[in-house]
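Subject: Structure handed over, with notes on what was found

Dear colleague,

Please find below the structure that I promised to pass on to you. My notes on what was found in it follow directly after.

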Amino acid sequence: MSTPSDPSFSSIRYLPTNEAYDRWAAIYDTDGNFLQALDTIELKTLFPQFLQSITSSKPWRIVDLGCGTGRNTALLLTVPDIDEAIALDSSKGMLEVARLRLQQAGDGANPSDLVAPRTTPKLHFEVFDMLASPSPPASAQQVDAVISTLVVEHVPLPTFFSQVSQILMPGGVLLLTNMHAHMGGISQAGFVDAGTREKIRPTSYAHTVTDVVAEARRWGLEVEYGDKGDAGGIKERAVDEDMVEKLGPRSRKWVGVTVWFGGLFRKRARS
């Protein structure tokens, strides 16, 4: 499935996920990634629901798990009820982009452990590879909530939810989004290296919604459903013709295909 909107490439090269994202980091936000654009649109609804679902005492500590270039970390920094945002990623290249991006937003604050004005959360960056470490760093344990978008595609489900269950306190909330298996069965994340003309692909898995929900339950996380008729559960989104202009030309070939899902999970409280 290629279109004139897709950059041409000479070959495909598969790399470990952190290495692939190190190479992708410089252009990740500018290479026309329509799934990221769709994710940003969906978060306009899902992110406020996420904040409203957090029931622990304020102020909160929240982890951005697989923070990438800091797109969602920037959202966290706008929330006065958050005391600390902890940005974790296995790619040093992506973390560096996030650090510079958020440092500029913070008017030149310290890039390694940013403390902006009093109403802005503290920000902590840390390299963390959940595939290489059985436990999250101490700085990211027993937090109130986790946001992790377009990340679990690259991680076996038991590994991902094992880490999330250690990060969250009982009753804590996870906001999770991912590439839908309908899209993952056809394609996967990747980019064209402008220097080599290679298509670089990290490790990817086409996780189904059913498998994600079942594995989350094994680790004590249940899908969060809205109260009083509010939206809840797992949302699934297909691309339609009306969305192409907003999502960009690379989305056109995906019209009619379900490409995204997302929702909220809550870690069961101790009995």
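Helices (H or I, at least four residues) and strands (E, at least two) are DSSP runs, numbered from the N terminus. This is a predicted model, in which local features need pLDDT of at least 70 and side-chain atom pairs count only at pLDDT 80 or more, while totals for chains, interfaces and linings use all residues. Residues are numbered from 1 along each chain as its sequence is written, and side-chain values use heavy atoms, with hydrogens and water left out.

I begin with the second largest pocket. A pocket, on a 1 Å grid over the protein atoms alone, is an open set of points where a 1.4 Å probe fits, with protein on both sides within 12 Å along at least five of seven lines, and lining residues have an atom within 4 Å of a point. The space in this second largest pocket is about 450 Å³, a volume being the space filled by probe spheres set on the points, which are joined across faces, edges and corners. It is lined by 28 residues, of which Tyr 21, Gly 66, Asp 89, Val 151 and His 154 are the closest to its centre. The element that gives the most to this lining is α1, with three residues.

Another tilted pair is that of Phe 47 and Phe 50, at 6.0 Å centre to centre and 40° between the planes. These two are separated by about one helical turn because they lie three residues apart in helix α2 (residues 34–53).

Phe 50 is buried, with a relative accessible area of 0%, and in the largest nonpolar core, which has 39 residues, Phe 50 is among those that touch the most other members, together with Leu 35, Ile 62 and Val 259. Such a core is a set of buried Ala, Val, Leu, Ile, Met, Phe, Trp, Tyr and Cys residues joined through side-chain atoms within 4.5 Å.

With best wishes

Note on methods
Phe/Tyr/Trp six-rings, centres within 6.5 Å; stacked < 30°, edge-to-face > 60°. Buried < 20%, exposed > 50% of the residue type's maximum accessible area, 1.4 Å probe, protein only.
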